[in-house]
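Thanks for coming. I will take one structure today and go through its salt bridges, then a helix. Please have a look at it first.

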Amino acid sequence: MMAVMATSELLFSYGTLRQREVQLATFGRALDGELDAIAGYELDYVTITDPHVIETSGSDRHPIIKPADADAAVEGTVFAITEAELAAADDYEVDDYVRVAVPLHSGRTAWVYVYAG
């Protein structure tokens, strides 16, 4: 079971934040997480042009999620992070994303970045 910090936020990741290298670049540490999923979203991809993001993630093709039918679902990983780390994740994400709270299949609620472009 994931250790929950005293001042923790739950962050659901379906993409590059699941990569150790991106975690180190964003948070300064590797994260422990648990598999989970969210309903009502579908996975798609965009091309990223930011050289720093491409270098860190190793790809210019990044997954995004968009609202979809209630029977759609996206699998990912949920991480317990601090409020400061959540702010760092906000800085990492590109302008076309918005952070929203979503219910997870596990019954918990977590923040997730949804493509708004």
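Which residue does the side chain of R29 meet in a salt bridge? The partner is E85, at 2.6 Å from N to O. By salt bridge I mean a side-chain nitrogen of Lys or Arg within 4 Å of a carboxyl oxygen of Asp or Glu. R29 sits in the loop between α1 and β2, and E85 in helix α3, so the pair ties together parts that are 56 residues apart in sequence.

Some background. This is a predicted model, where local features need pLDDT of at least 70, side-chain atom pairs count only at pLDDT 80 or more, and totals for chains, interfaces and linings use all residues. Residues are numbered from 1 along each chain as its sequence is written, and side-chain values use heavy atoms, leaving out hydrogens and water. Helices (H or I, at least four residues) and strands (E, at least two) are DSSP runs, numbered from the N terminus.

E85 is buried, at 11% relative accessible area, while R29 is partly exposed at 28%. Buried is under 20%, exposed over 50%, partly exposed in between, with a 1.4 Å probe and protein chains only.

The whole structure has four salt bridges. Another one joins R108 and D36, 3.2 Å from N to O. R108 is in the loop between β6 and β7, D36 in strand β2, 72 residues apart.

Now helix α1, residues 20-27. Its buried residues are V22, Q23, T26 and F27. The face turned away from them carries the exposed R20, E21 and A25.
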